[in-house]
Amino acid sequence: MKVAVSFLSSDNYEDGIKKINESSADLIHADYMDGIFVDNQTFTIPELKKWIKGVNKPVDIHLMATSPNKYIRDLVKIPEINTIIIHAESHRHPIDVINMINHTGKKSGIAINPETKVVHIIPYLKKLDKVLIMSVKPGAGGQAFMKDVLYKVATLLDIKKEGGYHFTISIDGGVNDETIKLCQEAKLDEIVSGSYVMKSSSIEDAIKKLR
Ligand code: DX5
Ligand code: ZN
């Protein structure tokens, strides 16, 4: 299972990114929050661009923002960014934004809040590279894992098989050395972990426990 690490809970984001980049994590997960879609605000896109310059791991940007379309132009200019993940709940026509992202050559992803059902994203699945199932309410790190969302993995796996789609299935929020067992059983492709990894005494040991 691939491990993406979020630097959201590190005291200093730039420092957190450096630590993840030097670890065995597969991906760097950047949580962008605009203060509208969620209450918190994290960093600006120019700041992120500066911090991730030259990293040797792919960066996923998780846009917790309304009107995600307005960020795409700037994000495509950042070579380190691999996948742009928008929220299904953040735009009236997510397909327009997904098409926009795909057109740029970047990979596209969609995140779904705990209360959002898979049925809402079925029309987009053939065009997506990643589906990010939220296992916490978006907006903050350090929350408890909501295991009730795990049924979505099985639904997505069925649709993926039937349609011959290629998207990766990932989960975000509350993943630690305990909840990872449920993620493994559910046959997720990837997990995102923030506070468990970043707040442990050894990032490397924590990542190993999640594999
Ligand atoms: C929540 C973020 C997550 C979060 C993960 O809004 O999308 O990426 O940082 O952090 P933990 O692992 O602490 O839940
Ligand atoms: Zn996230």
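Which side chain meets that of Lys19 in a salt bridge?

## Salt bridges

Asp15 does, at 3.5 Å from N to O. A salt bridge here is a side-chain nitrogen of Lys or Arg within 4 Å of a carboxyl oxygen of Asp or Glu. By this rule the count comes to 6. Lys19 and Asp15 both lie in helix 1 (residues 13-22). They sit 4 residues apart, about one turn of the helix.

## Model and conventions

This is a predicted model, where local features need pLDDT of at least 70, side-chain atom pairs count only at pLDDT 80 or more, and totals for chains, interfaces and linings use all residues. Residues are numbered from 1 along each chain as its sequence is written, chains are lettered from A and ligands numbered from 1 in the order written, and side-chain values use heavy atoms, without hydrogens and water.

## Barrel

Eight strands form a closed barrel, in the order 1-2-3-4-5-6-7-8, with parallel pairing. The twist averages 25° from one strand to the next. Helices (H or I, at least four residues) and strands (E, at least two) are DSSP runs, numbered from the N terminus. Two strands pair if DSSP finds at least two bridges between them.

Strand 3 (residues 59-64) pairs with strand 4 (residues 81-87) over 5 bridges, in the parallel sense. Ile61 has Ile84 as its bridge partner in strand 4. Helix 5 (residues 151-163) packs on the sheet and touches strands 5 (107-112), 6 (130-134) and 7 (168-172); contact means heavy atoms within 4.5 Å. The direction of helix 5 makes about 160° with that of strand 6. Axes are lines fitted to C-alpha atoms, for helices over the stretch in contact; angles run from 0 to 180 degrees between N-to-C directions.

## Ligand 1

Ligand 1 is surrounded by 19 residues (a heavy atom within 4 Å). A polar side-chain atom of Ser195 lies 2.5 Å from an oxygen atom of ligand 1.

Technical notes. A polar contact is a pair of N or O atoms within 3.5 Å; within protein, one must be able to donate a hydrogen and the other to accept it, and residues adjacent in sequence count only if both atoms are side-chain atoms.
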